[in-house]
Amino acid sequence: MLRPIKFRIWGKLDNRFIRYSINFPYELNEIFTLTNYLAFQQFTDLLDKNSKEIYDGDIVKVKLLDEEVVTRLVRWDNIDLKWGLEYPDFPTFCDNLSDYRGNIEIIGNVLENKDLIDKKKSSIL
């Protein structure tokens, strides 16, 4: 049995999110032809410390091992093929998102809260 692939979809015309589950692979081509009007953010299958679903493009606060709290961007790491936390000074490098389970809190996302991320340093903006 295949699991549904969950997306959070941003409507570019009305600036709001829609939730949608794709019947993979049957509806995939139909949905992705609408990229001029929609932005897709995939669910990572992980939850933050408040049980909120973490999606690609979320901006999170992360408590590191030394107790320092930092802001990071969630994104897919194409090099290591994993969900990662982008380093602002080195956007091609990502920590493994699942290593910080229980220590992540969503504070926004790149579509609604761009001011929370340094646009010059992020690879996603």
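Student: Which residue in E6 stands opposite Val62?
Tutor: Val62 stands opposite Val70. Please note that this is a predicted model, in which local features need pLDDT of at least 70, side-chain atom pairs count only at pLDDT 80 or more, and totals for chains, interfaces and linings use all residues. Residues are numbered from 1 along each chain as its sequence is written, and side-chain values use heavy atoms, with hydrogens and water left out.

Student: How many bridges join E5 to E6?
Tutor: Five bridges join these antiparallel strands. Two strands are said to pair if DSSP finds at least two bridges between them. The strands themselves (E, at least two residues), like helices (H or I, at least four residues), are DSSP runs numbered from the N terminus.

Student: And what is in the turn of that hairpin?
Tutor: The hairpin of E5 and E6 has five residues between the strands, and Glu67 takes a positive phi near 75° there. Glu67 lies in the loop between strand E5 (58-63) and strand E6 (69-77).

Student: Is Glu67 buried or exposed?
Tutor: Glu67 is exposed, at a relative accessible area of 52%. The classes are buried for under 20% relative accessible area, exposed for over 50%, and partly exposed in between, with a 1.4 Å probe and protein chains only.

Student: What about E6 and E7, which sense do they pair in?
Tutor: E6 pairs with strand E7 (residues 82-87) in the antiparallel sense, over five bridges. Leu73 has Glu86 in E7 as its bridge partner. This hairpin has four residues between its strands, and Leu81 in the turn has a positive phi of about 55°.

Student: Changing topic: where is Asn109?
Tutor: Asn109 belongs to strand E9 (residues 104-109). With a relative accessible area of 5%, Asn109 is buried.

Student: What does its side chain reach?
Tutor: The side chain of Asn109 reaches the backbone nitrogen of Leu111 at 2.9 Å. A polar contact of 2.8 Å also joins the side chains of Asn109 and Glu112. A polar contact is a pair of N or O atoms within 3.5 Å; within protein, one must be able to donate a hydrogen and the other to accept it, and residues adjacent in sequence count only if both atoms are side-chain atoms.

Student: Leaving aside neighbours within four places in sequence, which residues is Asn109 in contact with?
Tutor: They are Arg8, Phe17, Gly57, Asp58, Ile59 and Lys114, where contact means heavy atoms within 4.5 Å.

Student: Now the loop between E1 and E2. What is the phi of Asn15?
Tutor: Asn15 has a phi near 50°, a positive value in a residue other than glycine. Asn15 sits in the loop between E1 and E2 and is partly exposed, with a relative accessible area of 49%.

Student: And Leu13, buried or exposed?
Tutor: Leu13 counts as exposed, at 71% relative accessibility. Leu13 is also in the loop between strand E1 (5-11) and strand E2 (16-22).

Student: Finally, what is the overall secondary structure of the chain?
Tutor: The chain comes to one helix and nine strands, following the pattern β-β-α-β-β-β-β-β-β-β along the sequence. Of its 125 residues, 38% count as buried. Among contacts in the chain with a separation of 6 or more, residues 24 or more positions apart account for 47%.
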